[in-house]
Amino acid sequence: MIKVYTSSVIDAPADSVWSTVRDFNALPRWTPFVADSRIEGGLPSDQVGCVRNFVLKDGGAIREQLLALSDFDYTCTYSILESPMGVENYVATLKLTPVTDGNRTFAEWWAEFDAPPGREAELAESIGQGVFQAAFTALKQLLRR
């Protein structure tokens, strides 16, 4: 099992960051790599169990299921159902923590998954930097005060 962990400090209040990321269907609004997204079956985008089906700007299609969402803890946990990356048993959590010094946000995103032999390092780098860190960088730019 591969474990990937990325963290960052966002110069915006946790409530503002959370209002941007809590919508499970909002990836095109705050990530640089998602072109389009929809929630299957017309379910609300904050209903645990809903499935988002999105297309990456490079054309890849991914389906993910919302496993948990907590407005109290500022956390979102989801799994990948289908992906061109070749990962299996993928579960990730995005968590925000208020930083009282400067009214900022400590953002953490981690995932655990199985990878095909020989691709572990490549996938860990791609997910950690190419997805999680790229999304944090985009959030910082979007929410810049």
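By class, 14 nonpolar, 3 polar and 4 charged residues make up the lining of the largest pocket. The model is a predicted one.

**Exercise 1.** State which residues lie nearest the centre of the largest pocket and which element gives the most to its lining.

*Solution.* 
- Step 1. The volume of the largest pocket is about 360 Å³.
- Step 2. Its lining consists of 21 residues, and F33, L56, I62, M85 and V131 are those nearest the centre.
- Step 3. At least two lining residues come from each of β3 (51-56), β4, β5 and α3.
- Step 4. The most is given by α3, with 5 residues.

**Exercise 2.** Work out the strand order of the open sheet and explain why β1 and β2 stand at its edges.

*Solution.* 
- Step 1. The order of the 7 strands is β1-β7-β6-β5-β4-β3-β2, and the pairing is antiparallel.
- Step 2. Inside the order, β6 (residues 88-99) pairs with β7 (residues 104-114) over 10 bridges in the antiparallel sense. T93 is opposite W110 in β7.

**Exercise 3.** Describe how helices α1 and α3 lie across the strands.

*Solution.* 
- Step 1. Helix α1 (residues 14-21) lies across β1, β4 (61-70), β5 (75-82), β6 and β7, and runs at about 150° to β6.
- Step 2. Helix α3 (residues 120-142) lies across β1, β5, β6 and β7, and runs at about 20° to β1.

**Exercise 4.** Characterise the largest cavity by volume and lining.

*Solution.* 
- Step 1. Searching the whole structure gives 1 cavity of 30 Å³ or more.
- Step 2. The largest cavity holds about 80 Å³ of space.
- Step 3. Its lining is formed by V21, D23, F24, L27, W30, R52, C76, Y78, L94 and W109.
- Step 4. α2 (27-30) and β5 each contribute at least two residues to this lining.
- Step 5. The classes are 8 nonpolar, no polar and 2 charged residues.

**Exercise 5.** Classify the ring pair of F24 and Y78, and say which parts the pair ties together.

*Solution.* 
- Step 1. The count of aromatic pairs is 8.
- Step 2. For F24 and Y78 the ring centres are 6.2 Å apart and the planes stand at 55°, so the pair is tilted.
- Step 3. F24 is in the loop between α1 and α2 and Y78 is in strand β5, so the pair ties together parts 54 residues apart in sequence.
- Step 4. Both F24 and Y78 also belong to the lining of the largest cavity.

Note on methods
Residues are numbered from 1 along each chain as its sequence is written. This is a predicted model: local features need pLDDT of at least 70, side-chain atom pairs count only at pLDDT 80 or more; totals for chains, interfaces and linings use all residues. Side-chain values use heavy atoms; hydrogens and water are left out. Two strands pair if DSSP finds at least two bridges between them. Helices (H or I, at least four residues) and strands (E, at least two) are DSSP runs, numbered from the N terminus. Contact means heavy atoms within 4.5 Å. Axes are lines fitted to C-alpha atoms, for helices over the stretch in contact, and angles run from 0 to 180 degrees between N-to-C directions. On a 1 Å grid over the protein atoms alone, a cavity is a set of points where a 1.4 Å probe fits but cannot get out, and a pocket is an open set with protein on both sides within 12 Å along at least five of seven lines; lining residues have an atom within 4 Å of a point. Grid points are joined across faces, edges and corners, and a volume is the space filled by probe spheres set on the points. Ala, Val, Leu, Ile, Met, Phe, Trp, Tyr, Cys and Pro count as nonpolar, Asp, Glu, Lys and Arg as charged, and the others, Gly among them, as polar. Rings of Phe, Tyr and Trp (its six-membered ring) pair if their centres lie within 6.5 Å; planes under 30 degrees apart count as stacked, over 60 as edge-to-face and the rest as tilted.
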